[in-house]
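Please read them with the structure open beside the text.

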Amino acid sequence: MLAVSDDKLPDAREEAEQVAGLLLSTTGRLQITSETGAATTKNALLAAKNDAVLHVAAHGTLGMDGAALELADRQVPALEISALQVAPALAVLSACDAAAERAERGPPTRHAHLVADLHRVCRRLGLRLGMASGHPEAAARFVADNERVHWHDQAVWWVRQKRDTAAAAVSDWEALREAAAGIKRHALSRLAEYLEQFEHNATALGAHVHWARDAAEHNAIVHRLLEDRGVTRLVKSKSMLTEECKLNPYLEARGIEVIDTDLGERIVQLAKEPPSHIVMPAIHRRKEEIGELFQIHLRTKPGAADPSYLTEAARHHLRDKFLAAGAGLTGVNFAVAETGAVVVCTNEGNADMGTSLPPLHIACMGLEKIIPRERDLGVFLRLLARSATGQPITTYTTHFFGPRAGGELHIVIVDNGRSQTLGREAVRDALACIRCGACMNTCPVYRRSGGHSYRYTVPGPIGSVLAPLRDPAAHASLAFASTLCGSCADVCPVRIDLHHQLLALRQDLGRSGHIAWHKRFLLGLLAVVFRWPALYRLSSYLARRLLPLVPRRLLYVRWNAWGRQRELPALPRHSFRAAYRRRRRDQS
Amino acid sequence: MTSRKAILAALRRNAPPQVAAPDLAGLGTSFADPIAQLAHAVVAVGGTCARVADLAQASAAIAALPQAAAAKKIVSLVPGVEPGAGQPTLDLAAVSDPHALADLDLAILPGELAVAENAAVWIDGKVLVHRAVFVITDHLVLVVHAKDVVHHMHEAYARLAGRPRGYGLFLSGPSKTADIEQVLVVGAQGARTCTVLILG
């Protein structure tokens with residue numbers, strides 16, 4: 001369904017028809033309707049697959065969240081939404097949607113054809129489809145909306161401040177961090193042993209333990225567990241691991257309804273987009289947008305945006321899902337080797353609802369979630385919620401010792417690259433992460449670029465370390481999404497030296513050729529200059545003499561990224577060496 | 001080679017040099033008046049707290065709660081504590097399917113211990129009959145003996161270490177979320193209110 005509002009976007013319809021005509025031959029499903037009012041258009045956007053929305057955003061002035069369409073709704077002249085941009089973008093959206101639907105039901109070859117056709121059409125229209133750009137490009141789209149960036153920055157910073165207040169109220173905070181870091185380093189040095197011990201103890205409690213080398217094996221294990229028991233409805237509580245493994249689309253393509261039950265996760269699931277934060281998945285969305293989303297999916301009142309009202313609506317909606325579910329899937333915050341227990345922390349109680357009603361509980365964990373002793377929990381539980389949201393502890397901290405009477409507990413232990421990270425000394429400590437999100441809340445880059453700009457399950461500083469480790473080619477730019485200010489390392493409850501890891505990664509990526517040629521060239525040049533003191537003195541002298549003579553318009557050109565928002569620093573007349581020498585002379 | 005073997009082999013191959021586990025002795029802050037601190041912490045996490053002298057007073061305190069007066073389906077797992085006004089309580093043992101608890105209004109549960117630093121009350125799974133009871137109920141009352149109030153989490157785990165191990169949880173205040181624009185909303189998926197009664 002392709003909808004455009006022709007009164008505000010006079011040329012849109014024609015454009016859309018052209019594009020749709022091209023697409024029609026392959027999809028056979030596209031229809032063109034002309035409807036007045038941007039609401040329909042917006043609904044089409046909201047209903048479209050998230051990837052497609054990203055492509056629209058990539059193309060022009062449309063915000064990732066349909067912000068520009070909101071402008072249209074408020075009768076703002078469509079000056080920012082050129083018809084040329086909106087119409088093809090919508091056509092692409094609809095086609096992507098159709099393609100995704102088709103991919104689930106039809107033979108895969110047709111999907112491949114469609115995608116190829118889409119690429120051809122997009123090339124003709126100057127659209128770039130499916131091209132994953134780096135963090136700077138994605139961030140540029142986010143920062144284009146200045147007011148929103150400010151709002152996001154403040155919202156996230158507020159959480160950082162709550163963390164500070166909570167941390168300051170604990171007199172042994174630094175000792176706790178030291179202990180937590182120590183426990184994790186110890187556990188990482190004996191992971192294999194502790195995993196075996198955990199498996200032994202969990203099995204003795206009646207749980208079934210599965211091992212998955214990668215995402216595909218993990219997804220297949222979960223699917224088999226559900227399929228064997230005829231489960232068609234799964235309720236999930238928050239699990240970054242299943243996001244990493246892309247479990248939801250895998251199960252959905254196999255006919256299983258997957259409901260994310262954490263409120264923030266449900267919001268982004270309805271919006272068909274990934275979480276933008278690991279603790280607050282929908283932090284990038286405004287309440288009005290959530291209200292619109294709920295109006296479509298939960299039948300809430302039009303225009304309602306009160307968080308209490310929306311949360312209550314979600315409570316009823318999710319209650320029905322809990323009661324109808326055939327299985328509950330949870331992540332694992334801590335797996336205790338000594339006892340074989342898994343510990344799950346939530347504030348909403350969704351993990352407890354999801355595991356106490358259906359008979360099957362599947363708990364999915366990255367293998368680094370192991371801690372040796374039960375008493376270690378005392379350390380981590382004092383740190384986790386305070387670092388995450390400033391609460392003294394999460395509302396529900398549930399310790400599962402095997403299945404409940406008459407039920408089943410399956411624990412899936414996933415590697416997916418973690419064992420390789422363990423072997424890399426400079427970055428192995430990233431495996432100590434307890435996923436509190438404090439590093440992203442404090443990060444000046446995260447706060448101003450938004451979680452989606454990272455294009456990885458885990459954003460922020462820790463994500464910038466984990467993502468390039470997983471796939472250097474796709475995520476190289478993340479190692480540079482940092483000012484190396486070190487604030488992340490300061491707030492990290494397990495003292496991961498995040499900024500040093502990012503620096504180490506940059507060096508690795510440079511050596512393996514994953515850095516843009518101009519950066520490599522400039523850094524190579526600098527390396528030569530720094531190696532030869534005479535050359536350094538000469539270039540410094542020339543810069544001080546010549547730069548002030550260069551006209552502004554030659555200096556502030558497109559590729560001078562520094563000069564885009566700032567003035568270059570004023571150059572001193574004399575070098576530091578000269579000033580120092582004179583000072584010495586004057587003193588003597 | 002099975003995945004299990006492959007993973008464990010890779011972990012052994014890539015393991016860093018052994019690091020000793022840290023000593024956790026000395027961690028934790030003690031309070032001059034842990035019961036007052038607990039009461040303070042319960043309020044901070046969105047709950048309410050009262051001190052009662054005995055089971056009769058506990059029953060009276062519950063009867064005075066508006067959410068108890070309005071409750072129709074009630075479970076009490078604390079022997080001797082009743083919601084008052086002759087309101088009948090549900091016998092959980094007679095409920096075979098936890099889905100039948102979907103309309104539970106009030107649950108009165110015993111807390112094995114309470115942690116002053118963060119208002120976390122340990123609920124032992126053995127007493128629950130159905131695990132859903134603490135989360136599916138609309139309103140929750142937890143009854144804890146004053147002698148079972150500990151200062152901090154380290155002390156709590158030291159106490160729990162002596163018990164026969166089994167399912168249980170720390171519960172701190174009512175269910176809540178701040179997922180919509182960071183506005184705190186109480187009553188997300190689980191209990192809308194949480195009252196902690198300190199007995200003795």
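1. The contact between the two chains draws 61 residues from chain B and 74 residues from chain A, where two residues are in contact if their C-beta atoms, placed from the backbone, lie within 7 Å. On the side of chain B that touches chain A, the elements giving two or more residues are helix H1 (3–14), helix H5 (133–136), helix H6 (153–160), strand E8 (168–171) and strand E9 (176–177) of chain B, and H1(B) provides the largest share, nine residues. Helices (H or I, at least four residues) and strands (E, at least two) are DSSP runs, numbered from the N terminus.

2. This is a predicted model, in which local features need pLDDT of at least 70 and side-chain atom pairs count only at pLDDT 80 or more, while totals for chains, interfaces and linings use all residues. Residues are numbered from 1 along each chain as its sequence is written, and chains are lettered from A and ligands numbered from 1 in the order in which they are written.

3. Strand pairing also crosses between the chains: strand E11 (residues 396–400) of chain A and E8(B) run antiparallel and are joined by four bridges, with Phe170(B) as the bridge partner of Thr397(A). Two strands pair if DSSP finds at least two bridges between them.

4. Chain B contains six helices and eleven strands, and its C-alpha atoms fill a box of roughly 65 × 45 × 40 Å along the principal axes. Among its contacts between residues at least 6 apart in sequence, 72% join residues at least 24 apart.

5. Within chain B, five strands form an open sheet with parallel pairing, in the order E1-E11-E6-E3-E2. Strand E1 (48–52) and strand E2 (74–76) of chain B stand at the edges with a single partner strand each, so one side of each is left without a neighbour in the sheet. E2(B) pairs with strand E3 (residues 106–110) of chain B over three bridges in the parallel sense, and there Ser76(B) stands opposite Ile108(B).

6. Helix H2 (residues 34–44) of chain B lies across E1 and strand E11 (193–199) of chain B, at about 150° to E1(B), whereas helix H3 (residues 55–63) of chain B touches E1, E3, strand E6 (139–145) and E11 of chain B, its direction making about 150° with that of E1(B). Axes are lines fitted to C-alpha atoms, for helices over the stretch in contact, and angles run from 0 to 180 degrees between N-to-C directions.
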